[in-house]
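Reader: I would like to go through the labels on this model one by one. Please set each value against its cut-off.

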Amino acid sequence: MKMQEVSNVATLFVVMMFVGTAVPMSLPMPPSMPPSTPPLVCNPLSMGDCGGAFMFGGPPSRECCIELNAQKRCFCQYLKDPNLKPYIENPNAKRIAAACGVPIQKC
C-alpha cells in the first residue's frame with residue numbers, strides 16, 4: 001500500500017468511527033419513564049429537627065414536618081425496634097405527627 005492509500009484508509013476509519021458514534025445520538029430519544037418512587041431510606045436520626053418539639057412540647061418546625069413526612073413509611077419498622085418503639089408510641093410523637101398532618105400507620 002502506498003502512503004497516500006494508508007492515509008485515506010486511516011481517514012476513512014476515523015470518519016466511520018465518528019459517524020458510528022454520532023448516529024445513535026441523533027436518533028430521537030424514547031419517551032421518558034415516569035419518575036419512580038425514591039428508595040426508602042429509614043434513618044430515625046434524620047428527624048433531629050423534631051427534637052425540640054418532642055422534648056419540650058413546642059410546635060414542630062417546618063423542617064421537622066418535612067422529615068417526618070419523608071420517614072412516615074418507616075414507622076412500622078421503627079415500632080419493631082425495641083429501642084425506638086417508646087419514642088414512636090410517645091404522646092408527644094403522636095402530637096407532632098398530628099400537627100404535621102402525618103398519619104401514624106397501623107402495623
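Author: The disulfides of the protein chain follow the pattern 1-5, 2-3, 4-7, 6-8, with bonded cysteines counted along the chain. The structure holds four disulfides. This is a predicted model, where local features need pLDDT of at least 70 and side-chain atom pairs pLDDT 80 or more, while totals for chains, interfaces and linings use all residues. Residues are numbered from 1 along each chain, and side-chain values use heavy atoms, without hydrogens and water.

Reader: What makes Cys50 and Cys64 a disulfide?

Author: A disulfide is a pair of cysteine sulfur atoms within 2.5 Å. The sulfur atoms of Cys50 and Cys64 are 2.0 Å apart, so the pair qualifies. Their link is right-handed, with 105° about the S-S bond.

Reader: Why is Cys64 called buried?

Author: Buried means under 20% relative accessible area, exposed over 50%, partly exposed in between (1.4 Å probe, protein chains only). Cys64 has 0%, so it is buried. Cys50 has 8% and therefore counts as buried too.

Reader: Why is the disulfide of Cys65 and Cys100 called left-handed?

Author: The torsion about its S-S bond is about -70°, so the disulfide is left-handed. Cys65 and Cys100 are both buried.

Reader: How do you know whether Cys76 and Cys107 are buried or exposed?

Author: Cys76 has 17% relative accessibility, so it counts as buried. Cys107 has 65%, so it counts as exposed. The sulfur atoms of Cys76 and Cys107 are 1.9 Å apart, in a disulfide. That link is left-handed, with -95° about the S-S bond.
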